[in-house]
Amino acid sequence: MVRIEVVDIEKPEGVEVIIGQGNFSIFTVDDLARALLTTVPGIKFGIAMNEAKPQLTRYTGNDEELEKLAAKNALKIGAGHVFVILMKNAYPINVLNTIKNHPAVTMIYGASENPFQVIVAETELGRSVLGIVDGKAATKIETEEQKRERRELVEKIGYKID
């Protein structure tokens, strides 16, 4: 039998989340913390990772509230070797390549500031992430005016398209 569950990720407004999977959690959680600290000056974060043996959630970071929430969310997901990063003062685009390039990271499921849900399957052996829900579903195609506004915004923050 397989049971499917939706886990809502708990986080304050404006906090970014990254959820992924790796292996060898006994050192990976600390390695990823060091990687975050050296990638973005001033980043505030909490990271937690579930270890299959001895079935516990390891955590660290430099912001106590984010550490506790990362650990709480990782434990709710419950899948072995899944990690949860909650962060402020940085965006996923600033750290994703660093995280993905860590030798113990096998996958990134998603990264966003949006409301976030994790779809989890549970069997008699354990739990697994099937996928994520990142914010609300799109309901329309942008207008030319919205497209112009989007391009003005990305140029304002330093990304020139044309």
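Contact here means heavy atoms within 4.5 Å. The structure is a predicted model.

**Lysine 76.** Lysine 76 belongs to helix α2, which comprises residues 64-77. When neighbours within four places in sequence are set aside, lysine 76 is in contact with Val7, Asp8, Glu10 and Arg127.

| Residue | Relative accessible area | Class |
|---|---|---|
| Lysine 76 | 33% | partly exposed |
| Tyrosine 91 | 55% | exposed |

Tyrosine 91 is classed as exposed because its value of 55% is over the 50% cut-off. On the surface, Tyr91 forms a nonpolar patch together with Ile93, Leu153, Ile157 and Tyr159; the accessible area of this patch is about 600 Å².

**Helix α1.** Helix α1 (residues 25-39) has 15 residues and, at 1.5 Å a residue, should span 21 Å; the distance of 20 Å between its end C-alpha atoms agrees with this. Buried residues in α1 are Ser25, Thr28, Val29, Leu32, Ala33, Ala35 and Leu36. These residues lie on the same side of α1, because they cover an arc of only 160° around the axis. In an α-helix there are 3.6 residues a turn, so residues three or four places apart point the same way. The cover over the buried residues of α1 includes the strands β3 (44-51), β4 (56-61), β5 (82-88) and β6 (105-112), as well as helix α3 (92-100).

Note on methods
Residues are numbered from 1 along each chain as its sequence is written. This is a predicted model: local features need pLDDT of at least 70, side-chain atom pairs count only at pLDDT 80 or more; totals for chains, interfaces and linings use all residues. Side-chain values use heavy atoms; hydrogens and water are left out. Helices (H or I, at least four residues) and strands (E, at least two) are DSSP runs, numbered from the N terminus. Buried means under 20% relative accessible area, exposed over 50%, partly exposed in between (1.4 Å probe, protein chains only). The expected span of a helix is 1.5 Å times one less than its number of residues. The arc is that of the directions from the helix axis to the C-beta atoms. Patches are made of residues with over 30% relative accessible area and no salt bridge: like charges are joined within 9 Å, nonpolar side chains (Val, Leu, Ile, Met, Phe, Trp, Tyr) within 5 Å. Accessible areas come from the Shrake-Rupley method with a 1.4 Å probe; for residues, only the protein chains shown count as cover. A salt bridge is a side-chain nitrogen of Lys or Arg within 4 Å of a carboxyl oxygen of Asp or Glu.
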